[in-house]
Amino acid sequence: MEQIKIASPKRNGEGIFPFLTAAAAVSMLLLVGAIFLVVLWGAWPALRAFGPAFLFSAVWNPVIDVYGAAPAILGTVITSLLALALAGPLGVGTAIFLSELAPHWLKKPVSFLVELLAAVPSVVYGVWGIFVLVPWMRTGPGLFLESRLGFLPFFQGPSIGVSVLTAGLVLTIMILPTIAAISREVMRAVPQDLREGLFALGATRWEMITRVVLPVSRTGITGALLLALGRAIGEAMAVTMVIGNANVIPVSLLAPAQTAASQVVNEFPEAFGLHLSSLLLLGLLLFMITLLINLVAVWLVYRTDQWSSGARQPGKLKGKGVAGHA
Amino acid sequence: MALDVTIENLSFWFGRQQVLKNVSLRACQKEVTALIGPSGCGKTTLLRCINRLHDLYAGASVAGKILIGEENILDAGTNRVELRRRVGMIFQKPNPFPHLSVFENVASGLRLHGLAYGRSLRERVEACLRKAALWDEVKDFLDRPGALLSGGQQQRLCIARALAIEPEVFLMDEPCASLDPVSTMHIEELIKELQEEYTVIIVTHNMQQAARISRQTAFVLHGELVEAGPTAELFVHARDSRTEAYLTGKMG
Amino acid sequence: MPDTKWRLVKSFVPEAVCRLAALLVISVLFLILYYIFQRGAGVISPAFLTALPTPVGVPGGGIGNALLGSLVMVALGALLAVPCGVAAAVYLDQNPKSRLAAACRFASRVLTGVPSLIVGLFVFTLLVLRTGQYSALAGGIALAVMMMPVITLSAEEMLRLVPNSWREASLALGASKKQTVLRLVLPAAAAGIAVGVMLAVALAAGQTAPVLLTALTSIFWPENLLQPTASLPVLIYTYAISPFADWQQQAWGAALVLVVMVLMLNIAAQLFIAVKNRRG
C-alpha cells in the first residue's frame, strides 16, 4: 500500500494559486490595520504633545501651535445625533411603509428608488445644501426660530444660514436612504408565517407590525441606525459646505461651527507640522469611533441575516405581499 | 361554544385564476372534518377562507357564503379582527414567535385582546399549556424562547396559543406535515380531545391520519369538492371513481 | 369583549403617520434630484464637457480635465481593486468556513463603513506626505481601497451562486481546484462580478474627500500619473464653495453630470441583476 504514491489532489497543478487568494484575503485584514497604524503614525506628534487633553481643550490655534478638539468633537456629536434623531423615525417609518403598508405595485419601484438615492454622492447633497438649503434656512425656519425661540441659548441668532442645524438637516437627508433601505430589507426578511400567525390570532395590521415585525427585526434596524450614524459622523464634504466652519464650541444650533471631518477637509491644505498632525489625530479619533460603531452594526445586521435565513422558511404566499386592510 | 361551519357555493380566485369552484360543505360542531386531496387542489385555500386570511393579499376575490352558526362571515361588514379571534388557526410549519418566551407566546393572543391580566393571565396560560399536553415539558422553561422547543413541542405551543383566546372553530393546515411520527401521535391525540369542545377542520395529506382522527372527510380535486361523507363510509365505499382512485393511490 | 373597532382606529393613526413619513422622505429626496436637474441642465453643453476650466469671469470654462481625471483615477482604482478583490472572494468561496474567511468578511464589511475621509488621510500620510507630491496615482490607490471591500463582498455572493454540483463535476473529471475556479467558476460568475464592479465604480466616482486629499486638483489636462489631477467631485466642491456666480453655476452642471453617471451605473447594475434573475 505504502509504495503506491497517490498524487495529492490538493497539490496537483495548484502552484501558488491558493496562496495568492489567501494573500488577497489577508490583505483585507492588513488594510484595516495599516489604516490605523499609518494614521496613528501621522498623529503621533500631536498625541505626544497634547495627550488626553486634546479631547477637552477648546483652543485650536495654529499661530501658537496649540490644538484641542473639543469644538470639533462636540460639533460632530451634535450634528450626527440631530441627524439620527430626525432620520431615524422618518427612515424606519418609510421602511414600514415600504415593507408592510404600500400596495404591492408600489413596493418594488419605490424601494428601488430609495436604494438608488443612497448611491447619490455626498458632494451632490452638499451642492443642494449650500445653494438651496442655506438661503432657505437664512430666511425661513432659521429666522423664525431666532425670532420666536431666540431667548433660548441654542436658538440664538443671528441666523446666517450656515449652521449646526443646517448641517444636521443635510446629514438627515443623506442618511435617510441608508436607514430606509436597510430597515426595509431586514423587515422583509421577517418570515411571512409569523405575520400570519399574529393575524390569525385577531390582530390589526399595526398590532402585527409592533408585536411581530418590529421586535423580530429589532437588531437589524438597530444595525441600520448605527451604520447611518457612522456615515453621519464620518461625512466630510456635505457638512463642510454648510456648517460655516467656525472653530467654536457650538452653543446655538443656528450658529456656525464645525465637525471633526469638516475641520480636516477645511484646514489640511495649509497645514503642516503639529497642525497637520493634530488634524490626523482628529482623523484617528474619527476612525476609531466609526470603526467601533461599524463593528457593532455589522455584527447586529449580520446576526439577523443568519438568523432569518436559518431553519425558518417564509409562508406559502411569500412575495405576494400584504396588501388589503386586515 | 362550538358552532357549525357551513360553506355554501364558495368560489375563490387569485387574480384571474380560479382556485375554488362552487364548494359546499358543512363542518359540524364537536366533530373533526378532514380535507384531503392532492397538492395544489385548493384545500389550504379553502381553509384560509374561513378566517379570511386571504384578505391580506392583493388579488384575492371570493364569492359564496361561509356561515359560522348563522352569521355569514364573508359579508363585507364582518370585523375580521373579531372573526380571527373566534377562528383559531394552526399552520403547516410551527410558527411560535421567536422573540417571545414560551409563556409570552401563549399569552400573546390574550394580551392582544386584553382578555386577561396578572394572575388570571398566568392561570389561563397554564391551563392552555396543560390542555395542549405541554405543561409538564415546559413548566420549568416558561421564560425561554419558544423557538428553542422541538418541532412537535412548538406545534403544541401554537395550539396552546390558539386555545388561549377560546376560539369556536379550529383550522389546522397539515399540522403534522413537518413532524416526526411520535410528535404526530401527540398532536393527533390532542385533536381528538379538541373535538370534544370545538369544531375542527383539518387539511391533511395523510389519508391514514384522516381515517384515524376525523368523523367526516371531504375530497377536493382541482378546486372542486368531489365528495364529502362520514370518514368510515368514504374510505370503504367512495361514491365517486376519482375519490376511489385517489384513496387507492392511483392518483396524485 | 374589548372594542375591536377602537383597536382598528388606533391602528389607522400610526399607519397614516408612516405613510406621511414615506411621502415626506421620498418627496424631499426627489426635490433634491429635481433641483440638480433643473439648475444643472442649462449649463451642460458639448463644450462644457470637453473644455478646460477658465479663470473667474472668463466664459467657456468646462469640466473636461476633471472628467478625464476622474476617469483615469477610477480606472486605476478598479485596475488595482478588481484582481485583489476577486482573488479574496475566491478565497472566501473556497474556504467559506475558515477563520481567515470570517475575519476577511468582517473586515470587508467594516471597511465599507469606514469614512472615505479616513481612507484619504491614510493614503495622504502614506504617499503624499512622504513624496511631497499629490498625484493621480495616490488618488487611484485611495479609490482602490474604497472599492476593494465592495468588490470582494459582491463577488463572493456571485461565486456562491455557482452550483456546487458543477464544481464537483469538474473536480470529478480530474480538473484541479485551480482549473475549476479559473475555467468554470469565475466565467460562470463573471456577469455577476461585473455588476459588483459597476457598483464599486459608481461609489468611487462620487468620492470627494479621498481624492481631494491625495490628488488635489488641477486646471490642466492630466499628463502623467504623478501630478496633481482634477476630478469631478473635487471640482464640484471647489466651485460650489467659491463666491463666484459663474463657478457656482458650473458646480450645478458638474453635479448633474456626476449624478447621471452614478445613477446610470446603478440602474444598469440593477437591470443586469433583474434580467439575470428572470432567466433563472
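Which residue is the bridge partner of V5(B) in β4(B)? In this predicted model, the partner is I68(B). Strand β1 of chain B covers residues 5-14, and strand β4 of chain B covers residues 60-68. Eight bridges join them, and the two strands run antiparallel.

These strands are part of an open sheet in chain B. The sheet has four strands in the order β2-β1-β4-β5, with antiparallel pairing. Strands β2 (17-27) and β5 (71-72) of chain B stand at the edges. Each has a single partner strand, so one side of each is left without a neighbour in the sheet. Strands of a sheet pair through backbone hydrogen bonds. Helix α1 of chain B, residues 43-50, lies across β1, β2 and β4 of chain B. The helix runs at about 115 degrees to β1(B).

Charged side chains were examined next. Side chains of opposite charge can pair when their charged atoms come close. A search of the whole structure finds 27 salt bridges over all chains. One of them, in chain B, joins R52(B) to D55(B), with the closest N and O atoms 2.9 Å apart. R52(B) counts as buried because its relative accessibility is 11%, under the 20% cut-off.

A second salt bridge in chain B joins the side chains of E227(B) and R239(B), at 3.4 Å from N to O. This pair links distant parts of the chain, twelve residues apart. E227(B) is in strand β10 (residues 224-230) of chain B. R239(B) is in the loop between α9 (231-236) and α10 (241-247) of chain B. R239(B) counts as exposed, at 65%.

In chain C, the side chains of E156(C) and R105(C) meet in a salt bridge of 3.2 Å, N to O. E156(C) lies in helix α6 (residues 136-160) of chain C, and R105(C) lies in helix α4 (residues 99-113) of chain C, so the pair ties together parts that are 51 residues apart in sequence. Both E156(C) and R105(C) are buried. Chain A holds a network of salt bridges, which links E115(A), R184(A), E185(A) and R188(A).

Confidence was computed for chain C. The average pLDDT of chain C is 92, and 99% of the residues score at least 70. Within chain C, confidence is lowest in helix α7 (residues 164-172), at a mean of 90. Confidence is highest in helix α10 (residues 232-240) of chain C, at 96.

Note on methods:
Residues are numbered from 1 along each chain as its sequence is written. Chains are lettered from A and ligands numbered from 1 in the order in which they are written. This is a predicted model: local features need pLDDT of at least 70, side-chain atom pairs count only at pLDDT 80 or more; totals for chains, interfaces and linings use all residues. Side-chain values use heavy atoms; hydrogens and water are left out. Two strands pair if DSSP finds at least two bridges between them. Contact means heavy atoms within 4.5 Å. Axes are lines fitted to C-alpha atoms, for helices over the stretch in contact, and angles run from 0 to 180 degrees between N-to-C directions. pLDDT is the predictor's confidence in each residue, from 0 to 100. A salt bridge is a side-chain nitrogen of Lys or Arg within 4 Å of a carboxyl oxygen of Asp or Glu. Buried means under 20% relative accessible area, exposed over 50%, partly exposed in between (1.4 Å probe, protein chains only).
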